Amino acid sequence: MELVKTSQKSGALRRGLRIGKLGFGLVGSYLGYQAQNLLLSESGKAQRRARFQKKASQQVSAELGALKGAAMKVGQLLSMQSGVFPEETLRELAALQMHAPGMHPTLARAQFKAAMGKFPEDVFREFDPQPFAAASLGQVHRAITRKGEKVAVKIQYPAIRSAIENDFKVVRSATFAPQLTGHLPTAAIDEVQRGIMEETDYVNEAKNLNYFREQLKNIEWVTVPRVYEEFSSDRTLTMSFVEGRSLGSFLETKPSQQVRDLVGARLMELFEIQAVHLKTLHVDPHPGNFLFQPDGSIGMIDFGCVKRFTLDWSELRRFYDEWGWRENEAAERRFLKIICGPKAPYEKARKILPDFEEWLELIHPRGSGDLFFGRKREPGLEKKIQAARNRCARRIFQNKWINPEYAFLSRADVGLYFLLEQLGAVVNISEIARRVEAGQKTSKAIAS
Amino acid sequence: MKPGRRVQKKEKTKQAILKAALELFPAKGFYATTTKAISKKAHIAEGTLFNYFETKEDLALYFLEEELSGVMEWHLANRRLENADIAENLFAIIQHLLERLEPYEEFIGAVYMRALSPTSKLSPFSFESQDRHLRYLRFIREILLEAEADGEIPPVGDFGAYAVGLFQLAILTHWLQDKSRGKEQTLALLDRCLKMATHFLRNGGWNW
């Protein structure tokens with residue numbers, strides 16, 4: 001049997017050997033699962049080939065040493081911390097999810113019992129043995145409670161969190177030298193591990209769901225599912241069923257431009273409310289985390305990765321709008337502090353400003369009025385923006401000073417724009433930002 | 001042909017003794033439970049007990065036989081598995097056995113240690129357990145044959161059934177040692193091994 005091409009075949013072999021050498025057990029290692037998945041999934045081959053051929057993906061593969069799955073996730077989180085990767089790579093990374101092997105009905109049922117002490121049929125009136133979606137490290141099943149409520153039941157693959165923990169032990173012992181020399185701070189590994197463990201803990205996700213449900217309850221066009229605590233644990237999560245289509249299938253219904261714009265504006269508003277008022281972000285505004293309805297209502301799902309921060313997003317926006325750093329040295333210092341963090345030496349940090357201004361001039365020239373997303377730009381400009389942004393990111397990275405919160409928020413921002421782009425929406429960013437900052441929650445105004 | 005009334009009665013007494021023993025084992029342990037206590041609990045004379053089971057080992061053997069029969073009957077009646085592939089089918093069988101054994105984990109642990117001794121009747125290689133093994137292996141063989149007929153796996157012959165039997169023993173060993181909540185480590189191991197094995201069989205070995 002011939003795989004895609006020889007080099008890839010040997011690539012898979014090498015991966016297998018590498019993992020073998022590291023001594024991963026069959027169930028003791030998440031990377032082991034990933035290696036096995038490479039062998040098992042027949043249908044994924046074509047997709048993998050397509051992905052492999054994409055430039056961005058190749059770049060990522062090269063940078064992360066061709067290991068997939070958990071390693072990618074580590075890369076994704078590291079990139080959030082350090083701003084290492086250019087935009088297209090970030091997009092590629094943003095789409096990654098932690099994948100677990102699929103569970104057949106018998107295993108899903110057994111795992112539900114292992115987690116909840118009862119079989120699903122003893123708990124629910126109806127339970128669909130076939131999953132309808134993949135979730136972080138598990139899958140989601142439809143069910144109906146005894147009271148007749150439609151719910152979604154997320155079940156995690158057995159023992160996968162301990163498998164990830166084991167991988168981290170290996171990572172730690174393998175990176176002993178760079179940790180010793182300080183090239184790889186132990187704190188960074190801790191942070192990445194903490195992030196992954198938190199993201200895959202369904203108890204934590206339930207907490208996040210409750211928080212967002214409470215905070216967003218007054219916005220009638222947003223649905224955050226309700227948690228059924230009595231049917232949930234750290235490995236199963238039962239939520240009210242959220243109606244709606246995924247972005248892809250929503251777009252297939254050919255929504256009008258008006259609806260696209262409405263949905264786009266709402267996504268933008270949601271992001272702004274989180275960034276400005278809640279200072280808590282339902283991370284990764286990537287397509288998989290939203291469901292859309294024909295009337296423009298939005299369902300938010302997947303609250304595994306939620307991040308709290310202290311950075312003042314509206315202050316940053318004002319700086320962008322008015323090029324505030326040019327006012328005086330104090331303002332410049334303040335701005336650089338937001339971007340590079342409090343410890344960055346001023347003289348070094350300010351070297352980023354020329355690249356930064358060049359980039360900003362391209363996307364939103366000073367004095368050009370409101371900033372719109374999605375308006376047609378002159379041909380060739382997109383490429384220039386891309387190049388300027390990459391230069392800017394490289395400069396920041398070379399400086400080795402970056403405020404992790406800034407890196408994280410700009411990455412989320414990029415994710416949002418990617419989403420709007422797929423949606424094909426035209427959105428007045430400035431207007432929404434002003435409105436949200438003034439505390440007016442109303443997309444009704446836009447709706448009408 | 002229906003079994004005669006005498007056979008029926010005999011089977012009933014055997015079951016009553018087993019039930020009594022299973023109630024006592026979890027509290028006192030396999031070794032510490034006396035035949036006297038068992039017969040008392042089963043409301044029979046100790047001498048009568050020996051007519052049915054010479055030793056506690058025979059009792060354990062009978063228990064395992066009952067459980068394996070239970071698994072086979074359950075599988076026959078289980079409609080959920082009608083469309084399952086071979087990996088899920090074998091998963092379901094082994095997992096169901098483990099589920100049945102769950103209340104008697106300590107007892108099984110003790111029996112398992114005893115079975116390691118080659119002279120024990122409980123040893124998988126002993127004459128006494130041969131019959132039970134053959135019956136179970138034939139059942140597994142049937143399931144493999146079906147998968148072969150459906151083209152899910154290449155012909156694996158009797159060797160396939162033996163391999164599954166040994167694999168089940170290995171999983172049981174893992175299960176006894178598994179301290180994870182809900183024994184989910186065993187679930188994962190079982191799932192991955194079966195998927196891997198069927199995949200390799202389908203692709204004619206390690207050619208990937």
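Let me start with the open sheet in chain A of this predicted model. Three strands form that sheet, in the order 5-9-8, and the pairing is mixed. Strand 5, residues 222-223, and strand 8, residues 290-292, stand at the edges. Each of those two has a single partner strand, so one side of each is left without a neighbour in the sheet. Strand 8 of chain A pairs with strand 9, residues 298-300, in the antiparallel sense over three bridges. Within that pairing, A:Leu291 has A:Gly299 in strand 9 as its bridge partner.

Staying in chain A, the next item is strand 4, residues 150-156. Why can strand 4 of chain A be called largely enclosed by the rest of the structure? Because six of its seven residues are buried. The count behind that is 20 or more other C-beta atoms within 10 Å of a residue's own.

Strand 4 of chain A has antiparallel pairings with strand 3 and with strand 6. Strand 3, residues 138-144, is joined to strand 4 by seven bridges. As one position in that pairing, A:Gly138 stands opposite A:Gln156. Strands 3 and 4 of chain A make a hairpin with five residues between the strands, and in this hairpin A:Gly148 takes a positive phi near 90°. Strand 6, residues 236-240, is joined to strand 4 by five bridges. There, A:Val151 stands opposite A:Ser240.

For chain A as a whole, the secondary structure comes to 22 helices and 12 strands. The chain has 448 residues, and buried residues make up 39% of them. Taking contacts in chain A between residues at least 6 apart in sequence, 68% join residues at least 24 apart.

Now chain B. Which secondary structure does chain B hold, helices or strands? There are nine helices and zero strands. From the N terminus on, the elements therefore read α-α-α-α-α-α-α-α-α under the DSSP assignment. Along the principal axes, the C-alpha atoms of chain B fill a box of roughly 60 × 45 × 35 Å. Of its 208 residues, 28% count as buried. For contacts in chain B between residues at least 6 apart in sequence, the share joining residues at least 24 apart is 57%.

Helix 1 of chain B covers residues 5-28. This helix has 24 residues and reaches 35 Å from its first C-alpha to its last, close to the 34 Å expected at 1.5 Å a residue. Which residues of helix 1 of chain B are buried? They are B:Ile17, B:Ala20, B:Ala21, B:Leu24 and B:Phe25. An α-helix has 3.6 residues a turn, so residues three or four places apart point the same way. What covers the buried residues of helix 1 includes helix 2 (35-41), helix 3 (46-52), helix 4 (56-77) and helix 6 (105-115) of chain B. After helix 1 comes B:Gly29, with a positive phi near 95°.

Is B:Glu128 buried or partly exposed? B:Glu128 is partly exposed, because it has 13 other C-beta atoms within 10 Å, and 20 or more would be needed for buried. Not counting residues up to four places away in sequence, B:Glu128 touches B:Leu61 and B:Lys121.

On to the nonpolar cores. The largest has 111 residues. The members that touch the most other members are A:Leu267, A:Met268, B:Leu90, B:Phe91, B:Ile94 and B:Leu190. Leaving aside neighbours within four places in sequence, B:Leu90 is in contact with B:Val164 and B:Leu194. Another core lies apart from the largest one, with 16 residues, among them B:Leu59, B:Ala60, B:Ile108 and B:Ala115.

Last, the contact between the two chains. How many residues of chain A are in contact with chain B? There are 17, and they meet 24 residues of chain B. Helix 2 (30-40) and helix 7 (105-116) are the elements of chain A that give two or more residues to this side. Helix 7 of chain A supplies the largest share, seven residues. By type, the residues on the side of chain A that touches chain B divide into 12 nonpolar, five polar and no charged.

Terms used. Residues are numbered from 1 along each chain as its sequence is written. Chains are lettered from A and ligands numbered from 1 in the order in which they are written. This is a predicted model: local features need pLDDT of at least 70, side-chain atom pairs count only at pLDDT 80 or more; totals for chains, interfaces and linings use all residues. A residue is buried if 20 or more other C-beta atoms lie within 10 Å of its own, exposed if 12 or fewer, and partly exposed in between; C-beta atoms are placed from the backbone. Helices (H or I, at least four residues) and strands (E, at least two) are DSSP runs, numbered from the N terminus. Two strands pair if DSSP finds at least two bridges between them. Two residues are in contact if their C-beta atoms, placed from the backbone, lie within 7 Å. Ala, Val, Leu, Ile, Met, Phe, Trp, Tyr, Cys and Pro count as nonpolar, Asp, Glu, Lys and Arg as charged, and the others, Gly among them, as polar. A nonpolar core is a set of buried Ala, Val, Leu, Ile, Met, Phe, Trp, Tyr and Cys residues joined through C-beta atoms within 7 Å. The expected span of a helix is 1.5 Å times one less than its number of residues.
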